[in-house]
Amino acid sequence: MNNTKKMVMAAMFSALTAVGAFIKIPLPYVPIVLQGLFVLLAGICLGSKWGAISQLAYVVIGLAGLPIFTSGGGIGYVLNPTFGYLLGFIAAAYFVGLIMEKSSKKDFRTALLACLAGTFIIYIIGVPYLAIVMKMVLGKSNVVEYAIWSGFLVTLPGDIIKAGLAALISQKLPSSLFN
């Protein structure tokens, strides 16, 4: 894939991630959104570098003020409890892409394992960030239990389904779309 095509694809995945922010089931603090599906597909299709760039562009555009995050946008969003998940998107797209690049097989199983790993990377960054912001910014108590419950356990089933869908979709896409 040439650089121009990679840039266009990265922009497309940034836009899809933005759209995914508005396809949601609202819950307190951490809504269930479709963004994760596009983050995982960005890693699979674009590879580590361009997958991460697509998500970095999404985050930068939102921080610049475009209301493309689930609750708006702007630099103040770094104090939003869910901002850690957005940082996790960048890392997840990178690692999903890296796993796919290093694998000799590009089959469903490999894609599913890469997507599940990417999903857990989002949680590894997002859940502690959620707890920290809830405690330090919002002044809440029992934040660790709540962050694990609402930021991980409640959303995990849906995220596993999204990982499976991303792996399945990746098998149906033409190989010309891949890194």
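Visitor: Is lysine 105 buried or exposed?
Guide: Please keep in mind that this is a predicted model. Lysine 105 has a relative accessibility of 53%. The cut-off for exposed is over 50%, so lysine 105 counts as exposed.

Visitor: Where does lysine 105 lie in the chain?
Guide: Lysine 105 belongs to the loop that runs between α3 (83-102) and α4.

Visitor: And how far is lysine 105 from glycine 72 in space?
Guide: Their C-alpha atoms are 39 Å apart, with a separation of 33 residues in sequence.

Visitor: What about tyrosine 123 and leucine 156, how far apart are those two?
Guide: In sequence, tyrosine 123 and leucine 156 are also separated by 33 residues. In space, however, the distance from C-alpha to C-alpha is 9.2 Å. Tyrosine 123 is placed in helix α4.

Visitor: Why is tyrosine 123 called buried?
Guide: Its relative accessible area is 6%. Buried means under 20%, so tyrosine 123 is classed as buried.

Visitor: New topic: which residues form a nonpolar patch on the surface?
Guide: The patch is formed by Leu79, Ile132, Met136, Val137 and Leu138. Together they have about 500 Å² of accessible area. One of them, methionine 136, has its place in helix α4. Methionine 136 is exposed, because its relative accessible area is 68%.

Visitor: Let us go inside. How many cavities of 30 Å³ or more are there?
Guide: The count comes to one cavity of 30 Å³ or more. The volume of the largest cavity is about 310 Å³.

Visitor: What lines the largest cavity?
Guide: Its lining consists of 23 residues, and those nearest the centre are Pro31, Val33, Gln35, Tyr85 and Phe89. Two or more lining residues come from each of β2 (32-33), α2 (35-63), α3, α4 and α6 (156-172).

Visitor: Which element gives the most to that lining?
Guide: That element is α2, which contributes five residues to the lining of the largest cavity.

Visitor: And how does the lining divide by class?
Guide: For the largest cavity, the lining has 14 nonpolar residues, seven polar residues and two charged residues.

Visitor: How many salt bridges does a search of the whole structure find?
Guide: The search finds one salt bridge. In a salt bridge, the side chains of aspartate 159 and lysine 162 meet at 2.8 Å, N to O. Both residues lie in helix α6, three residues apart, which is about one turn of the helix.

Visitor: Are aspartate 159 and lysine 162 buried or exposed?
Guide: Aspartate 159 and lysine 162 are both buried.

Visitor: One last item: where does valine 30 lie?
Guide: Valine 30 is in the loop between β1 (24-25) and β2. Valine 30 is buried, because its relative accessible area is 5%. Valine 30 and cysteine 45 are 15 residues apart in sequence, and their C-alpha atoms are 27 Å apart in space.

Methods
Residues numbered from 1 in each chain as written. Predicted model: local features only at pLDDT ≥ 70, side-chain atom pairs only at ≥ 80, totals over all residues. Heavy atoms only, no water. Helix = DSSP H or I, 4+ residues; strand = E, 2+ residues; numbered from the N terminus. Buried < 20%, exposed > 50% of the residue type's maximum accessible area, 1.4 Å probe, protein only. Patch = residues over 30% accessible without salt bridge, like charges linked within 9 Å, V, L, I, M, F, W, Y side chains within 5 Å. Areas by Shrake-Rupley, 256 points an atom, 1.4 Å probe, with all protein chains shown as cover. Salt bridge = Lys/Arg side-chain N within 4 Å of Asp/Glu carboxyl O. 1 Å grid on protein atoms, 1.4 Å probe; cavity = no way out; pocket = protein on both sides within 12 Å on 5 of 7 lines; lining within 4 Å. Points joined across faces, edges and corners; volume = space filled by probe spheres on them. Nonpolar A, V, L, I, M, F, W, Y, C, P; charged D, E, K, R; others polar.
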